[in-house]
Amino acid sequence: MPVTIRAAKDSDAPALGRMGAALARQHHGFDAQRFMVPDDVESGYRWWLGKEARRPQEAVVLVAELDGEVVGYCYGRLEGVDWNMLLDKHGALHDIWVEAKARGTGTGRLLAEAMVQRLTEMGAPRVVLSTAAKNEAARRLFERLGWRPTMVEMTRETPPRS
């Protein structure tokens, strides 16, 4: 059965919480000093993504289904001008996750393209994303889909306070 992409609904909350937590843990594994994993991260993602899914004028939460099971999600928002980032109005792709069993099926591509389509329909003239420097698979996917590098985030830990 092919992968289908659809808008998230309330009944997807447990899967969204689980996958959001997996994404947070993956990033924490890349760089534990840069990426936090809050207490009860699953509940936090379940709450946040559920709330955002109910704001269709500003946010988009999509899920990927394979054989009736949610195997991925993508979260984005329509954003206004951001003087700090020198960004005009834009769409932001904040999260994308595909469960291990669905990787290699084109699910990530389908989610990303559906997000770009939805944000474009909402009026975004461009879609911006950030990805962990060590997430080479994601970087390759995004480059294949037409994203180009425009910024490099760098982090430096400060000395401990005495």
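**Reading the model, feature by feature**

Author: Start with one contact list. Leaving out neighbours within four places in sequence, N135 is in contact with Q26 and F30. N135 sits in the loop between β5 and α4. Keep in mind that this is a predicted model.

Reader: Is N135 buried or exposed?

Author: Compare the relative accessibility with the cut-off. Buried means under 20%. N135 has 13%, so N135 counts as buried.

Reader: Where is H27, and why does H27 count as buried?

Author: H27 is in helix α1, residues 13-30. Its relative accessible area is 16%. Buried means under 20%, so H27 is buried. Beyond four places in sequence, H27 is in contact with F35 and A132.

Reader: What about V37?

Author: V37 lies in the loop between α1 and α2 (41-53). V37 has 29% relative accessibility and counts as partly exposed. Now compare sequence with space. V37 and A24 are 13 residues apart in sequence, and 6.0 Å apart from C-alpha to C-alpha. Setting aside residues up to four places away, V37 touches A24, R25 and H28.

Reader: How do I read the faces of a helix?

Author: Begin with the geometry. An α-helix has 3.6 residues a turn, so residues three or four places apart point the same way. Now take α4, residues 136-144. A138, L141 and F142 are buried there. Seen down the axis of α4, the buried residues fall within an arc of 95 degrees, so they line one face of the helix.

Reader: Which exposed residues are on the face of α4 turned away from the buried side?

Author: E136 and R144.

Reader: What covers the buried residues of α4?

Author: The cover includes β4 (90-98), α3 (107-121) and β5 (127-129). After α4 comes G146, with a positive phi near 105 degrees.

Reader: How do I read strand pairing?

Author: Look for bridges and direction. Strand β3 (residues 69-79) and β4 run antiparallel, joined by 8 bridges. Y75 has D95 in β4 as its bridge partner. β4 also pairs with β5, in the parallel sense, over 3 bridges. There, A92 has V128 in β5 as its bridge partner.

Reader: How does the chain cross from β4 to β5?

Author: The chain goes through α3, and this β-α-β crossover is right-handed.

Reader: Why is β4 described as largely enclosed?

Author: Count its buried residues. In β4, 8 of the 9 residues are buried, so this strand is largely enclosed by the rest of the structure.

Reader: And how do I read a nonpolar core?

Author: Here is the general idea. In soluble globular proteins, nonpolar side chains tend to be buried together. In this model, the largest nonpolar core has 25 residues. Those with the most contacts inside that core are L93, I96, L111, M115, L119, F142 and W147.

Reader: Which elements each supply at least two residues of this core?

Author: β2 (59-66), β3, β4, α3, β5 and α4. Look at L119 on its own. Not counting residues up to four places away in sequence, L119 touches V60, G76, R77, L78, G91, A92, A124 and V127.

Key. Residues are numbered from 1 along each chain as its sequence is written. This is a predicted model: local features need pLDDT of at least 70, side-chain atom pairs count only at pLDDT 80 or more; totals for chains, interfaces and linings use all residues. Side-chain values use heavy atoms; hydrogens and water are left out. Helices (H or I, at least four residues) and strands (E, at least two) are DSSP runs, numbered from the N terminus. Buried means under 20% relative accessible area, exposed over 50%, partly exposed in between (1.4 Å probe, protein chains only). Contact means heavy atoms within 4.5 Å. The arc is that of the directions from the helix axis to the C-beta atoms. Two strands pair if DSSP finds at least two bridges between them. A crossover is right-handed if, with the strands pointing away from the viewer, the path from the first strand over the helix to the second runs clockwise. A nonpolar core is a set of buried Ala, Val, Leu, Ile, Met, Phe, Trp, Tyr and Cys residues joined through side-chain atoms within 4.5 Å.
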